[in-house]
Amino acid sequence: MNPILSPPKAVLVVGAPTSRRERLETVLADVADSVYVAESTDRATTVLSEHDDVGCVVLAADCDGVVGFRRTVTDHDEYLPVVLLFDGSVTDVSGVTSAGETTLLPTSASDEELCDIVTDHFETYRDRLVTAEESDMLQSFLSSIEIPMFVKDEQGRHLRKTEAWGGIDPEVVVGKTDRELYAYDPESAEQFYDHDMRVIENGERIVDREEAPGPPGNRYWARTTKVPWHDDDGSVKGLLGLSYEITDLKQQERRLELLEDRFDQFATFLSEEVLDTLQSANGQLGIARETGDDDAFRAIESAHDRMEQRLRDLSTLAGKSPNVGATNSVNLAYVVNEVWSFIATGDAQLALHVPDETLIHASMGGIRPIVEHLLRHAADSGEDVTVSVGALQEGFYVAHDAPTSSADCGRATESGFVTPNDGRGSGLAFVSEVVERNNWSLTATARDESGTRIEIRGPLVVTGTETDCVPGADHSLTESDPVGEGDVTGSVEVESVSNWWTLAGTTGTQRQQRDYYFAHAAVEGDARIEARLVDIEHVNDYGSGGLMVRDGLGPEDPYGFLGWTVGRGTEILWRTDPGGETSRHLLDDDAGPQWLRIDRIGDTVTYLVSLDGSNWRRLDQRPVALSDPIHVGLAVSGAIPTDECEATFADVTVCELDCE
């Protein structure tokens with residue numbers, strides 16, 4: 001029976017002589033839907049268990065076991081009202097009242113007085129049941145809905161909050177203001193608290209306000225509504241609110257804005273590229289008509305192939321999301337040589353300072369147009385120019401030795417700028433736009449008589465050839481420690497037979513320089529760790545689990561991390577020197593958790609991934625200041641305070657490397 005729809009209005013009469021019970025049954029029938037009569041407390045206990053519509057118990061004080069029965073009623077339902085009928089001969093009234101809230105009524109009271117008391121108890125009991133039911137409904141609603149809803153008191157302290165997926169634990173927020181919860185981001189914390197006070201003190205409604213809390217590097221967008229919570233007298237006693245994340249929506253809006261701008265720019269670039277190619281093809285067509293030369297026909301075919309290739313590359317760039325890395329690697333030297341084969345003009349010479357095995361983490365369609373525009377710009381910069389291409393730690397450079405003024409160099413990325421040599425557009429405005437969308441950087445530096453160097457930094461690059469190393473002695477992960485500046489907690493569970501590891505950890509701060517819980521071993525010299533990331537709990541988009549090598553366990557020590565975030569894909573983090581800033585690179589990788597590996601050889605750390613544990617793909621390679629012994633192991637980070645992230649690993653191995 002639901003008290004909201006069908007409030008209990010039956011009376012249970014217990015004890016009293018037969019004649020009095022019959023009179024009570026007749027009298028109470030006027031105010032109750034049903035009257036149940038039990039001659040003993042044992043029978044009354046059975047009636048209570050059989051009927052859920054009892055809204056009041058009328059108990060004769062002179063029946064046996066009255067005190068024990070009163071306790072039974074309390075155990076059955078602490079809110080169920082009891083009226084005790086007594087006379088002067090009854091001595092254990094206090095025992096009954098101490099067993100539960102009881103209304104005392106002399107047996108000499110009138111029938112009308114008894115009916116009034118029972119009616120009042122019906123209403124009081126219903127109100128209590130409805131309040132409890134509504135509270136239970138609200139609690140169930142708050143615990144199951146995935147939209148973060150919250151209730152705060154007049155001081156802005158949380159009273160209730162939903163257990164929203166990816167949000168802060170409700171038990172942690174109760175009693176705290178936003179100033180305390182968002183202390184890691186003081187500016188946002190103060191702003192949120194001020195908004196709370198505007199709602200509470202002024203009765204203002206804040207509807208669908210867009211906010212971006214979080215520190216740089218981990219900010220997210222939310223849409224929040226807050227309204228006053230009024231008391232019965234109309235005064236404001238707090239606020240009610242809801243907030244849901246709209247980061248994906250904001251990113252989509254940004255992508256749409258970029259697409260509009262991009263289509264306009266690409267239309268211009270495409271028309272120039274197609275026009276150049278068609279002019280070349282038409283020139284060769286004229287030669288072919290006059291001479292029938294097979295080379296001319298092949299040149300026409302090649303021009304058409306290049307035009308198709310450019311269309312595909314531009315299509316790739318037009319549809320590419322900003323600030324997201326690609327999922328494959330291309331050979332940088334191959335791309336440069338391929339492009340140079342059809343854009344080299346006059347006496348321009350190419351000097352390639354790129355090892356044959358250099359890989360750049362980008363799609364062919366994404367990197368080739370950039371390389372083409374940079375090489376064309378360099379080749380068109382002067383007579384007898386030498387164009388140099390080299391690899392950087394994060395990216396590559398293209399340089400030429402034609403004299404360039406600092407003013408021209410600074411304007412090179414502006415739309416409409418033309419090279420002095422032949423008046424053609426430099427294409428660097430196009431490159432600059434693509435670089436910006438990928439969250440990379442472009443710098444152009446004039447060197448007067450010695451020319452110009454343009455650097456593209458951001459894409460991951462593996463510059464060295466793979467070292468021939470043989471696995472040596474194995475090591476066990478015997479230690480586990482928190483790493484970071486916050487209050488980090490965690491746990492490690494190991495199934496030694498199956499070699500499965502489960503790490504759980506929280507973070508005390510929300511920032512790009514993460515806190516971790518770290519299971520590790522100390523290893524001297526060159527070392528390798530590899531493991532299969534089986535699963536990671538999605539507590540939030542930024543929680544991560546993976547492999548880590550560290551110089552030490554201090555919060556400012558150099559380290560390298562390769563892992564997986566459920567909402568952001570593969571993640572590489574590193575700090576190259578003690579006390580330096582943490583750098584981060586996210587890769588748009590839909591493969592999900594997979595095999596991970598980190599090799600430390602000297603001062604070089606290489607990050608690798610694999611789908612099967614046998615065929616490895618190198619993602620990145622960089623120097624990290626590591627001194628022996630280093631700490632090698634598994635790491636997990638909740639990323640957001642109070643969010644415990646759990647990651648499961650299998651086939652974990654740590655070994656020394658014998659390298660030639």
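Reader: What share of the 660 residues in the protein is buried?

Author: A residue counts as buried under 20% relative accessible area, as exposed over 50%, and as partly exposed in between, with a 1.4 Å probe and protein chains only; here, buried residues make up 48% of the 660 residues. This is a predicted model, in which local features need pLDDT of at least 70 and side-chain atom pairs count only at pLDDT 80 or more, while totals for chains, interfaces and linings use all residues. Residues are numbered from 1 along each chain as its sequence is written, and side-chain values use heavy atoms, with hydrogens and water left out.

Reader: How many helices and strands does the secondary structure come to?

Author: Helices (H or I, at least four residues) and strands (E, at least two) are DSSP runs numbered from the N terminus, and the protein has 14 helices and 33 strands.

Reader: In what order do the strands of the parallel sheet stand?

Author: Two strands pair if DSSP finds at least two bridges between them; in this open sheet of five strands the order is E2-E1-E3-E4-E5, and the pairing is parallel. Strand E2 (34-38) and strand E5 (102-106) stand at the edges with a single partner strand each, so one side of each has no neighbour in the sheet. Strand E1 (residues 10-14) is joined to E2 by five bridges, and Leu 12 stands opposite Tyr 36 in E2.

Reader: Which strands does helix H1 lie across?

Author: Contact means heavy atoms within 4.5 Å, and axes are lines fitted to C-alpha atoms, for helices over the stretch in contact, with angles from 0 to 180 degrees between N-to-C directions. Helix H1 (residues 18-28) lies across E1, E2, strand E3 (54-60) and strand E4 (82-86), running at about 165° to E2. Helix H2 (residues 41-50) also packs on the sheet, where it touches E1, E2 and E3, and its direction makes about 160° with that of E1.

Reader: Which strands form the antiparallel open sheet?

Author: Its five strands follow the order E7-E6-E10-E9-E8, with strand E7 (158-161) and strand E8 (206-211) as the edge strands, each pairing on one side only. Five bridges join strand E6 (residues 149-153) to strand E10 (residues 236-245), and the bridge partner of Asp 153 in E10 is Gly 238.

Reader: How many residues lie between E30 and E31 in their hairpin?

Author: There are five residues between them, and Gly 613 in the turn has a positive phi of about 85°. Strand E30 (residues 604-610) and strand E31 (residues 616-623) run antiparallel and are joined by seven bridges, with Ser 610 opposite Trp 616 in E31.
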